[in-house]
Amino acid sequence: MAPKVVEPQVPPTQILQCKATDILFEQPTNSGQEESCLIDPASDTYGAIHRASCILKQDRRPVVIPTETVYGLAAAATDSSAVEKIFTTKGRPADNPLIVHVSSRSMLSSLLPPSYTIPSSYERLMKAFWPGPLTLLFPADPSKIPPIVTAGQKTVAIRMPSHPVARALISFSHTPLAAPSANSSGRPSPTKAEHVWDDLGKSGKVPLILDGGPCNVGVESTVVDGISADDGSIRVLRPGGVTVEEMKAVLSEGLSPGESPVKVLVHKRDYQDAQMEQHPTTPGMKYLHYTPSVPVILLNLKNPQHPPTQEYESVAKVMEDLLTKHESRSEKSGRRKVGFLVTSDFPVQSATRSNDSEVITFDLGPRNEPSVAAQRLFDGLLTLEKRGVDFILVEAIDEENEGLAVMNRVRKAAGDVRFIEVS
């Protein structure tokens with residue numbers, strides 16, 4: 001009789017709650033000093049952060065952390081073996097670089113070449129937006145940040161998160177953290193702990209998820225290159241939580257008479273760089289991203305103020321075509337399910353009245369509040385996927401302020417674009 005094969009058990013994923021109210025960043029009393037991080041030692045948050053720190057430093061394994069943008073899969077950025085586990089856990093291509101997260105200016109300085117002087121444009125941006133959802137490219141020092149983090153590039157992307165739990169963990173561990181989004185490569189980024197659990201937690205791919213609640217920004221950080229252009233311009237490689245309009249306003253403040261503000265240029269909108277797209281210096285530029293397991297279709301609405309350049313269809317016609325094209329995800333016969341990820345201004349009921357499918361709507365908020373759409377976008381994609389819809393129709397919004405980041409993600413997620421007219 002053949003011996004019974006015992007399958008190795010996958011260690012369970014632990015979810016630990018963390019409260020921002022248990023964490024205090026104390027302002028320094030003297031100039032030149034930095035904030036100190038205080039965590040209530042009697043709180044569950046202290047125990048959770050201590051546990052995460054032990055896994056990071058002793059076990060050298062990644063843990064999941066909340067940030068203000070999305071949940072991240074974090075490992076010690078100076079430990080190439082630990083960082084390698086990020087790539088294997090996510091199934092992430094090795095030439096897709098990571099962002100390094102720091103908790104203080106002194107930690108930032110410790111990662112940079114000794115002779116490097118931070119440019120004045122960066123100083124302005126850091127003063128205004130750090131801690132926060134802004135990532136800056138700096139010269140990489142391979143003796144401090146291993147090449148696996150930068151994908152062998154000459155620059156390293158660094159930011160200081162504003163989420164108290166993420167920043168407290170970095171400070172408590174005295175360790176900069178490399179942390180992409182905590183999801184399988186190519187899928188929508190998680191903005192809630194339950195999103196991470198559904199993707200990486202159930203299967204035990206991660207040992208620990210720190211649950212700090214929903215992310216309040218909802219899209220990844222803005223990534224800026226202010227060191228590569230000969231003209232000194234700020235180049236936005238990936239739009240995100242800090243808007244182009246906000247950066248322009250900061251960089252235009254306090255100029256001397258006759259002094260021109262630093263230009264802020266957006267990749268693919270204001271300039272092209274084919275070489276960088278093939279060898280990216282930052283995440284989110286080369287590979288398929290933000291895609292759920294169901295088809296995503298972008299809906300461009302007819303604008304009465306602009307002359308038509310396309311032939312526009314009704315929503316009912318688009319739905320009819322897509323229902324024929326895409327198979328039902330349900331094993332049971334019955335009504336088909338269609339997901340709508342649209343603003344509260346979109347007339348879903350009247351637009352779908354003639355179709356007998358079950359319409360499931362996820363509200364992106366008012367059309368004139370793109371920050372709300374940014375906060376809800378990934379949650380909407382993942383929620384509609386989980387509800388079993390056959391495909392998701394996403395309303396295009398204006399590419400201003402946070403709308404630029406929203407549309408950057410939607411275009412990468414969408415496999416089709418349709419032009420519609422609604423009454």
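**Figure 1. Valine 342 has aspartate 363 of strand β16 as its bridge partner.** The model shown is predicted, and local features are reported at pLDDT of at least 70, side-chain atom pairs only at pLDDT 80 or more, whereas totals for chains, interfaces and linings use all residues. Residues are numbered from 1 along each chain as its sequence is written, and side-chain values use heavy atoms, with hydrogens and water left out. Strand β15 (residues 337–342) pairs with β16 in the parallel sense over six bridges; two strands pair if DSSP finds at least two bridges between them. Helices (H or I, at least four residues) and strands (E, at least two) are DSSP runs, numbered from the N terminus.

**Figure 2. Five strands form an open parallel sheet in the order β16-β15-β17-β14-β18.** At the edges lie β16 (358–363) and β18 (416–420), each of which pairs on one side only. From one strand to the next, the twist averages 25°. Helix α10 (residues 315–325) packs on the sheet and touches β14 (296–301), β15, β16, β17 (391–395) and β18; contact means heavy atoms within 4.5 Å. The direction of α10 makes about 155° with that of β18. Axes are lines fitted to C-alpha atoms, for helices over the stretch in contact, and angles run from 0 to 180 degrees between N-to-C directions.

**Figure 3. Asparagine 355 is located in the loop between α11 (348–351) and β16.** Asparagine 355 counts as buried because its relative accessibility is 17%; buried means under 20% relative accessible area, exposed over 50%, and partly exposed in between (1.4 Å probe, protein chains only). When neighbours within four places in sequence are left aside, asparagine 355 contacts Met319, Glu320 and Leu323.

**Figure 4. Helix α7 (residues 193–201) has Ala193, His195, Val196, Asp199, Leu200 and Gly201 buried.** Viewed down the axis of α7, these buried residues fall within an arc of 165°, so they line one face of the helix. The arc is that of the directions from the helix axis to the C-beta atoms. The buried residues of α7 pack against β4 (63–65), α2 (80–90), β10 (208–211) and α12 (370–386).

**Figure 5. Ring pairs join Tyr116, Tyr122 and Phe138 into a cluster.** The structure holds six aromatic pairs. Between tyrosine 116 and phenylalanine 138, the ring centres are 6.2 Å apart and the planes stand at 90°, so this pair is edge-to-face. Rings of Phe, Tyr and Trp (its six-membered ring) pair if their centres lie within 6.5 Å; planes under 30 degrees apart count as stacked, over 60 as edge-to-face and the rest as tilted. Tyrosine 116 is partly exposed, with a relative accessible area of 22%, while phenylalanine 138 is buried at 0%.

**Figure 6. Arginine 167 lies over the face of phenylalanine 25, at 4.4 Å from the ring centre.** Arginine 235 lies over the face of tyrosine 271, at 4.3 Å from the ring centre. A charge sits over a ring if NZ of Lys or CZ of Arg is within 6 Å of the ring centre and within 35 degrees of the ring normal.

**Figure 7. The peptide bond from tryptophan 130 to proline 131 is cis, with omega near -5°.** Most peptide bonds are trans, and most residues other than glycine have a negative phi. Arginine 60, not a glycine, has a positive phi of about 55°. Lysine 268 also has a positive phi, near 75°, and counts as exposed at 52% relative accessibility.
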